[in-house]
Amino acid sequence: MPSLDITTTSPSSWKYLSEGGATLVFAYAGPSDERFDQTVLRLRKDFTAVEDEKSITLFQTEIISCLVPQEHLVHMEAVMLSFSWLEAVSTLCASSRPAWRTGDIDLKCTSGFLAPNLVSSPISVEIKPKWSFLRPGMRTCRFCMHSSCRGWTTSYCPLDLFSSSPLRMKKALYALYDSWTAGAATQNNFRLFIGGGLVTRNDLLPILRRLGLLHSSIAEENEVRELVVGTLHASLLQPESLTLLKTLNRLQRTLDGVGIEGLASLWDKVYLGKKTFGEGIPQPTLNEWKSFVNEYLEHQNSSVSSQAQPDEVHLRYCILSYLLSATFKDCSIMIKLPDLHHNYSPSQITLIDLDSKPIQRLQKWLEQDRNIAYEYTVISRQMLKKECVDDLDRSTDRLHN
Ligand SMILES: [Zn+2]
């Protein structure tokens, strides 16, 4: 049972901040209280009960922290909740939630998470970068294939953001910003928080003015675009940001291993068609995760590969690897900016949303991947195939150097 009881605070002290597919986030805005000042509360949605809060915290503190430096992670603490308290929060936040939201707070949940408020600084940017690498033999990255199939009007390519070229990084940031201003909120790749709250394109200029974050000479939206992208770019070019991007890229790439198709074919070799892909296997235990991470770190610079003699132990290793890669492919980067300047000012970069993924999703991911690849092949017959450039892909190097 968590020691900190959040129900001693008034539900109205928690201001709706944002939400993702599985959780809602509230910022503390009540009377000063050293336990809650500068914190956010993360509450689970009602259809996502996979793991208890303790397992989620342990996954972060024991597993993720072996792979990502502590200074880029948030400390999460489990807190006690109650049905009536959650019911009040749910009613209070209803009008603040976007129309496209899905799911409600899980009122039966008895614990939630308290974490530092990363959007309390004047400006914070959340980027969900998605898959940062090119699968071997492919010319278009997963994100670009997906966005093309969905008809998203964005020129964002994650491979630009993760490239070693400052110009390409800036191109990615412009693309993220532009699809955000075009109202593509449901894509969820870019979110801007100013003065502690989520802002939309329409409130951007007035809020920046009200908080005195804008020089009076700036009157055009285009100048604000330059300023936001320029500041973000300068912040991402700092050594600690570049190192974190490299780490995330390496984790996504190496943990992806044989890929979902490779995993499905390995599964068939092991079970000889007697068991459907991903069926009847348990979610990894904490001890399993620990031994996996130890083994992975021992072979850090090499991806997992198909063995000549596929067996269940190797299959399990590859499944855990893929699951963990899914966590890193779906996480967000949070950047705290103290000000808006083209020049560098000290910022803080953190990875968030690093929960373990349910093992039951393997079959769904396989189907999704196959659908995207199929649809993209059909679409790209009528148009030019997009060429995404992966810095670490040797075949692309040859094409572009
Ligand atoms: Zn791409």
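**Close-up 1. Helix α3 against helix α12 in a predicted model.** M145, H146, S148 and C149 of α3 meet I372, A373, E375, Y376 and I379 of α12. Contact here means that C-beta atoms, placed from the backbone, lie within 7 Å. By class, the residues of this contact are six nonpolar, two polar and one charged. Ala, Val, Leu, Ile, Met, Phe, Trp, Tyr, Cys and Pro count as nonpolar; Asp, Glu, Lys and Arg count as charged; the others, Gly among them, count as polar. The axes of α3 (residues 142–150) and α12 (residues 362–382) come within 9 Å and cross at roughly 65°. Axes are lines fitted to C-alpha atoms, for helices over the stretch in contact, with angles from 0 to 180 degrees between N-to-C directions. The two helices, α3 and α12, are therefore roughly perpendicular (65 to 115 degrees; under 35 is roughly parallel, over 145 roughly antiparallel, the rest oblique). Helices (H or I, at least four residues) and strands (E, at least two) are DSSP runs, numbered from the N terminus.

The model is predicted: local features need pLDDT of at least 70, side-chain atom pairs count only at pLDDT 80 or more, and totals for chains, interfaces and linings use all residues. Residues are numbered from 1 along each chain as its sequence is written.

**Close-up 2. Helix α10 against helix α11.** The axes of α10 (residues 286–298) and α11 (residues 312–329) come within 11 Å. They cross at roughly 90°, which makes α10 roughly perpendicular to α11. E288, F292, E295 and Y296 of α10 meet Y317, L320 and S321 of α11. This contact of α10 with α11 holds four nonpolar, one polar and two charged residues.

Close-up 3. The domain assignment, automatic or from a database, gives domain 1 (4–117) and domain 2 (120–401). Their C-alpha centres lie 24 Å apart. In the contact, 22 residues of domain 1 face 24 residues of domain 2. On the domain 1 side, β2 (14–19) and α1 (53–63) each supply at least two residues. The largest share, six residues, comes from α1. That side of domain 1 divides into 15 nonpolar, six polar and one charged.

**Close-up 4. The six-stranded open sheet.** Its strand order is β1-β5-β6-β4-β3-β2, with mixed pairing. Strands pair if DSSP finds at least two bridges between them. β1 (4–5) and β2 stand at the edges with a single partner strand each, so one side of each has no neighbour in the sheet. β2 and β3 (residues 23–28) run antiparallel, joined by five bridges. S18 has V25 in β3 as its bridge partner.

Definitions and conventions. Two residues are in contact if their C-beta atoms, placed from the backbone, lie within 7 Å.
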